[in-house]
Every structure is written in C-alpha cells, then in structure tokens.
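Q: I'm new to this structure and would like to learn how to read it. Could you walk me through a few features?

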Amino acid sequence: MMNATIAKLALQALLGRRRFYVLLAFPVLLIGLVALVTALTDGDAAYGVLPNLGYPLVLPLVAILAASSVLGPEVDDGSIVYLLSKPVNRYGVAASKWVVALGATLVAGALPILVAALITGDSTRALALFVASTVAGTAYAALFLAISAVTRHAVIASLMFVLIWESLLGNLFSGIAWLSIGQWGLRVGHAISAELPDPANLPYAVIASLVVTVVGVWFAGDRLRSFSLRGED
Amino acid sequence: MSTLVLDSASRWFGNVVAVNDVSLSIGPGVTGLLGPNGAGKTTLMAMMSGFLAPSSGHVTLDGEPVWRNTETYRQVGLVPERELSFGYLTGRQFVRANADLHRLPDAAAATERILEVADMVEPASRRLDTYSKGMRQRVKIAAALVHDPSVLLLDEPFNGVDPRQRMHLMDLLRRLGDEGRTVLFSSHILEEVERLARHIEVVVSGRHAASGDFGAIRRLMTDRPVQYAIQSSDDRALAAALMAEESVRAVSLRADGLDVQVGDLGSFAVSLPGLARQHDVTLFELSPSDESLESVFAYLVAR
C-alpha cells in the first residue's frame with residue numbers, strides 16, 4: 001500500500017518549502033513559552049498553557065500545515081499529474097502522503113507537547129497528553145489531507161474546523177465533544193491520567209478516531225483516482 | 001503497437017461545451033493535434049490521458065477505458081503542458097523518481113539510458129529550477145519515456161522552446177514515431193505540425209474539423225477562397241477589370257477601396273500587377289483581410 005517514492009517526494013516537498021520554518025516555529029515557541037512561565041511562576045501555572053493553547057491550537061495548526069504541504073500545492077498547480085500518470089495505487093499515494101504528514105505532526109506537534117509537559121513535572125500527566133496528541137494528530141492529519149484533496153482552500157476550511165467548530169462551538173456546547181477530534185484524543189489520554197478531562201466514552205473515542213483516519217485517507221485516495229486536469233480552454 | 005480511440009466523446013463544463021462529439025483513432029506514428037487556442041486540445045489531451053472523464057462517449061486505449069484505470073499508464077507516457085514544480089530535484093533525481101514509480105526492475109540503468117536518448121546526460125546533475133525551457137521540456141519527455149511506453153502524449157511540447165531546441169525535439173519525436181510508437185502532440189501552429197506529423201487531426205471550437213495526411217489538409221487550407229482588401233487610384237475601373245479575371249470570384253466596392261474574393265491564389269497574384277498597369281490604375285495597398293489561422297480553421301469548419 002505504501003509507496004516509498006511518493007513518501008520520499010512528499011518529504012522533500014515538505015522540507016523544501018518555506019512553510020517548513022513556520023511549522024518548526026510552533027514547537028519552538030510552545031516549549032519556550034512553557035519554560036518561561038515555569039521559570040517565572042510558582043505552582044502549576046505553566047501546565048495551563050498546554051490544555052489551553054498547545055493541545056487545542058498548536059497541534060491542529062501543525063497538522064494543517066503538514067497535511068496541506070504534502071498534497072495542497074501539487075493539486076493546486078496540477079503538477080501532481082507527474083505522480084499520477086503512473087500505474088501506482090491512488091490509495092497508496094494518499095496513505096504515503098498521510099504517513100509523511102503524520103510524521104511531521106508527531107515530530108512538530110505531539111513530541112514538543114510531551115517535552116513541554118515534562119518541563120512542568122508530573123510525567124504521567126505528560127505521557128497522557130502525549131498519547132492524546134498522538135491520537136488526535138493521527139486523525140487530524142487524515143482529515144486535513146482529505147480536505148486538501150477536495151478544495152483549493154484547504155487551509156481556510158481546516159482552520160474553520162479547528163477554530164470555529166472545535167474551539168469556539170466546542171467550548172459553548174459540550175455535545176460537540178462527540179464530534180471533535182481533539183476531545184476524542186483527550187478521552188484516550190484520560191485513561192492514563194485522570195487530570196485530562198473525560199468528555200466522551202472511551203470505546204467511542206477510539207473507534208471514532210480510527211474511522212476518521214481510515215475514511216479520511218481512503219477519501220483522499222478516491223479523490224486522487226478522479227483527479228481531473230482542467231485546461232485553460 | 002497501441003491505438004487510442006475516441007468514440008463520440010464529448011466533455012462539457014457546466015454550460016460550456018469544450019469537446020463536442022469527437023470520434024477519432026490514433027495509431028502508431030506521429031500524429032499532430034492541430035487547433036487554435038481554446039479549441040479544446042487540452043481537454044482532449046486530458047481525456048486521452050485519463051485525467052478527465054468524458055461527459056459522454058468513450059475513450060479507450062486498445063479497448064480498455066482510460067478513466068480511473070491506473071494500469072493504462074504502463075503503456076502511456078504523458079508530457080503535460082504544466083510546469084514542473086519539482087525545482088528542488090535534479091534532472092536525474094526527477095527521471096529516477098519516475099522510473100521508481102513505475103517499479104522498473106533496473107531503474108538506475110533505465111534512467112541513464114533515457115537521459116542519453118533525450119540528450120540530457122550533461123545537465124542531469126543540475127537542479128530543475130536552473131533549466132532552460134527547452135531542457136525542461138526534454139527532461140519531461142525523458143521522464144515520460146523512461147518505462148518505454150508504446151503511447152506518448154505531448155501537450156503543446158514546443159511552446160516557448162527556442163528554434164534550435166525545437167529541431168532537436170522534433171528529431172526525437174520523429175525517431176519515436178519511426179520506432180512504431182503512437183506519438184500524439186498538440187499545437188496551434190500549422191508549420192510546426194506540418195514539419196513533424198504525417199497525420200493531422202484538426203479541432204476547432206471543440207469539434208473535429210478535419211483529419212488526414214498533412215498534404216491533404218494543407219491543400220484544403222490553401223485552396224480555400226481568400227479575401228483581399230485593395231486600395232488604388234481608381235477602384236471602380238480596377239473592379240471592372242478584376243471581374244473579368246477567372247481567378248476572381250467576387251468584387252465589392254467600399255467607400256475607401258474594394259474587397260476581392262479570390263479562388264486561385266497563385267494566378268491572381270501573378271496577374272494583378274499587369275492588370276493594374278494595363279488599365280492605368282496605381283495600386284496603393286493590397287492586404288489579405290483574413291489570413292489568420294483562425295479564419296483558416298473557420299473555413300474548414302464551415303465547409
């Protein structure tokens with residue numbers, strides 16, 4: 001299913017663009033901020049940065065940047081035809097790109113959250129948050145990849161999902177937790193440390209994350225199967 | 001040996017019909033797809049390469065539909081008009097990636113072989129974003145040929161390529177056609193198509209306007225009636241004299257000159273100066289009023 005050449009090209013596309021530095025800036029700023037607050041305040045104030053900023057914002061933003069970088073530009077300018085005019089399985093192309101986006105999300109999103117959480121002490125809590133970030137990052141990467149495969153405005157659409165649906169409406173209506181990738185991740189993390197909230201039930205959170213991941217990657221592959229070139233005329 | 005067949009294929013985008021009921025069959029050798037800009041060449045190419053579903057009709061390669069059929073690409077090499085956006089790769093890396101995507105048993109050797117064929121060995125270690133237009137075109141062709149396909153589709157391959165490089169590319173394509181491959185390229189320039197293709201398909205406004213060997217198409221295009229605008233010292237006298245000429249089909253007077261429709265271009269061009277002298281008329285201006293390629297195409301469609 002995986003295609004090493006596609007994955008390699010996707011990684012080169014990710015590392016070769018200026019967006020990559022933006023992607024790196026997030027974890028650096030997050031860890032810096034947590035370290036600074038830890039040094040300046042007593043008690044557990046620094047940890048608050050993570051559930052309020054790091055997890056609900058930095059993690060999905062990193063996933064958006066990663067997912068849209070591995071697919072978006074190629075679909076936009078049509079140069080993906082160079083990859084698709086080959087006898088390669090389209091679902092394999094989507095899966096390979098998803099793996100690269102996931103890797104970037106974990107390295108630039110989940111891992112820095114773990115590091116930042118460890119700075120604030122309590123390694124169980126840090127581990128729980130890392131697991132939550134990994135679960136959510138996996139589903140985010142697939143969802144945002146699917147969005148990148150359908151619209152040129154993938155970054156905007158993905159941002160709307162995170163900022164308006166998950167953050168704004170999610171804070172107003174607790175029921176949205178059932179349809180929020182971030183909340184599913186937290187629920188899985190809650191199984192490790194009770195310091196994380198318990199917004200939904202565990203089997204549902206696990207299954208929902210899996211479904212979004214599998215359907216997202218499959219859908220991206222299916223869109224690639226039907227990829228159309230539209231001429232200027 | 002492969003044959004690409006369009007069977008009453010149409011494609012529309014909303015209300016706009018880009019390709020209208022086109023049936024044609026493209027076999028081994030070099031075929032030129034000729035048509036003015038906006039005629040639907042790119043849409044046709046996209047349908048033939050499996051990157052666009054026909055709205056109605058069928059597009060098949062050796063009997064197999066090409067849409068949503070990734071296996072076709074084992075036989076097809078595609079050179080899209082799109083720019084390469086892999087500027088961070090070297091020419092060799094790019095061609096090699098194509099070879100790897102085809103899972104060729106010896107991708108490294110295939111890469112070197114095809115770089116040789118496309119005459120790209122020397123610049124192959126440079127990054128794509130340092131290439132000239134002609135080099136980029138050649139590396140695209142190399143990438144499309146690396147798996148030794150029986151069909152090669154090229155969308156406007158000579159656009160922006162300088163004359164020397166164009167000669168090179170034409171030689172390469174001619175060689176590929178002689179090897180028995182089915183080579184199809186699109187162009188909006190008649191001379192280009194004429195120099196390379198033995199067989200020409202003409203599309204105008206999404207319709208299949210003509211098909212055949214280049215001599216026949218050329219004759220169709222030059223034997224058509226041609227319109228001239230003439231200004232002279234005595235338009236009416238000249239008009240009367242012209243009307244007696246066999247090559248002239250119609251003359252009409254305008255306020256500031258006359259329009260002449262000519263059937264046989266050659267004899268008209270020879271006889272006009274003598275005719276003017278004989279009737280003591282001075283010619284001020286003689287200009288073809290519909291020599292654009294578009295009008296040639298329009299004639300072919302109306303015929």
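A: Happy to. A word on domains to begin with: their bounds come from an automatic or database domain assignment. Keep in mind, too, that this is a predicted model.

Q: Which domains does the assignment give for chain B?

A: Chain B has domain 1, covering 4–221, and domain 2, covering 224–302. Taken over C-alpha atoms, the centres of domain 1 of chain B and domain 2 of chain B are separated by 41 Å.

Q: Now for sheets. What is the order of the strands in the open sheet of chain B?

A: The general idea: strands of a sheet pair through backbone hydrogen bonds, either parallel or antiparallel. Here, 6 strands of chain B line up as β6-β7-β8-β3-β9-β10, and the pairing is mixed. At the edges sit β6 (76–79) and β10 (207–213) of chain B, each pairing on one side only. From one strand to the next, the twist averages 15 degrees.

Q: How many bridges join β6(B) to β7 of chain B?

A: There are 4 bridges, and β6(B) and β7 (residues 151–154) of chain B run parallel.

Q: Let's turn to the two chains. How many residues of chain A are in contact with chain B?

A: The size of an interface is often given as the accessible area lost when the parts come together. Here we can count residues: 24 of chain A are in contact with 26 of chain B.

Q: Which element gives the most to the side of chain A that touches chain B?

A: That's α1(A), with 3 residues. The elements giving two or more residues to that side are α1 (4–15), α3 (49–77) and α4 (81–84) of chain A. By type, the residues on the side of chain A that touches chain B are 8 nonpolar, 10 polar and 6 charged.

Technical notes: Residues numbered from 1 in each chain as written. Chains lettered and ligands numbered in written order. Predicted model: local features only at pLDDT ≥ 70, side-chain atom pairs only at ≥ 80, totals over all residues. Pairing = 2+ DSSP bridges. Axes fitted to C-alpha atoms, helices over the stretch in contact; angles between N-to-C directions. Contact = placed C-beta atoms within 7 Å. Nonpolar A, V, L, I, M, F, W, Y, C, P; charged D, E, K, R; others polar.
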